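Subject: Model handover

Hello,

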Amino acid sequence: MTFALSPPIRYAALAGLLAAVLAVGGLMMMGHGGSAVATPHVIKHHPFGQGAKTKTTVAPKKHSTKVAKAKATPSVPAAPERPSVVIAALAAGLPAPLANALGRHQTVVVSLYNPYSQVDGISYAEARAGARIAGVGFVPLSVLSQAQIGNLTQMLGLLPDPGLLVYIRPGTLVAKISGFADKETVAQAAQNAARGT
């Protein structure tokens, strides 16, 4: 017994098969075209200050066919001795950046800031400008860095964020300002500290 389909049924089966192939092909093409779901916008905070790192790209090194001559290694110079002011400031528990600044300047303005806060960024810039106006040293310390502010927190308690500290040699705190201070206020505090008033 043979099985035969009538011509109208054969045409309907071929048309159905063709429609199925076109539908699958169309779905595959749409799938490769991209996603209809929009990706959410991600806000990336850019840290500032001393702890901010910049990305550097290094060009690939070119290989040379020449044989490099051995160079004599230069003698390593001895590390310079630390001034007694720096040693005294470190012994008093002050962070190294502040102690080193006191080695270079009689008066130092310390800006306490959070590198991810816009308000702290403005406060940081004003403190730096005020120190420049007064002609004194400037040191930024991130409140997010335990290495930078751990000892200060133990000595002074909870530190303001943003905040400002003014130190004079050998490591004496003479002014503490909580919150935002403009450059004129910073300069005046630094000048008063330098004059001993």
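Below are the conventions first, then the findings.

This is a predicted model: local features need pLDDT of at least 70, side-chain atom pairs count only at pLDDT 80 or more, and totals for chains, interfaces and linings use all residues. Residues are numbered from 1 along each chain as its sequence is written, and side-chain values use heavy atoms, with hydrogens and water left out.

Overall picture

The chain has six helices and four strands. These are DSSP runs numbered from the N terminus (helices: H or I, at least four residues; strands: E, at least two). Their order from the N terminus is α-α-α-β-α-β-α-β-β-α. Of the 197 residues, 28% are buried. Buried means under 20% relative accessible area, exposed means over 50%, and partly exposed is in between (1.4 Å probe, protein chains only). The chain exposes about 14,200 Å², and carbon and sulfur atoms supply 63% of that. Accessible areas come from the Shrake-Rupley method with a 1.4 Å probe; for residues, only the protein chains shown count as cover. Take the contacts between residues at least 6 apart in sequence: 64% of them join residues at least 24 apart. A contact is heavy atoms within 4.5 Å.

Helix H4 and its ends

H4 covers residues 118-134, 17 residues in total. From first C-alpha to last it reaches 25 Å, close to the 24 Å expected at 1.5 Å a residue. That expected span is 1.5 Å times one less than the number of residues. Its buried residues are Asp 120, Gly 121, Ser 123, Tyr 124, Ala 127, Gly 130, Ala 131 and Ala 134. An α-helix has 3.6 residues a turn, so residues three or four places apart point the same way. The buried residues of H4 pack against strands S1 (107-113), S2 (137-142) and S3 (163-168), and against helix H6 (183-195).

Ser 117 caps the N-terminal end of H4, with a side-chain oxygen 3.5 Å from the backbone nitrogen of Val 119. After H4 comes Gly 135, with a positive phi near 75 degrees.

Asn 114 sits in the loop between S1 and H4. Asn 114 is counted as buried because its relative accessible area is 18%. A polar atom of its side chain lies 2.9 Å from the backbone nitrogen of Tyr 116.

Two cis prolines

Asp 161 and Pro 162 are joined by a cis peptide bond, omega about 0 degrees. Pro 162 is in the loop between helix H5 (146-156) and S3. The bond from Arg 169 to Pro 170 is also cis, with omega near 5 degrees. Pro 170 is in the loop between S3 and strand S4 (172-178).

Leu 102

Leu 102 lies in helix H3 (residues 96-104). Its relative accessibility is 0%, so Leu 102 counts as buried. Beyond its neighbours within four places in sequence, its contacts include Val 85, Val 108, Tyr 167 and Pro 170. Leu 102 and Gly 137 are 35 residues apart in sequence but 7.6 Å apart in space, C-alpha to C-alpha.

Surface patch

Which residues make the nonpolar surface patch? Tyr 11, Leu 14, Leu 17 and Val 21 do, over about 470 Å². Tyr 11 belongs to helix H1 (residues 7-33). Tyr 11 is exposed, at 61% relative accessible area.

Best regards

Key: Patches are made of residues with over 30% relative accessible area and no salt bridge: like charges are joined within 9 Å, nonpolar side chains (Val, Leu, Ile, Met, Phe, Trp, Tyr) within 5 Å. A salt bridge is a side-chain nitrogen of Lys or Arg within 4 Å of a carboxyl oxygen of Asp or Glu. A polar contact is a pair of N or O atoms within 3.5 Å; within protein, one must be able to donate a hydrogen and the other to accept it, and residues adjacent in sequence count only if both atoms are side-chain atoms.
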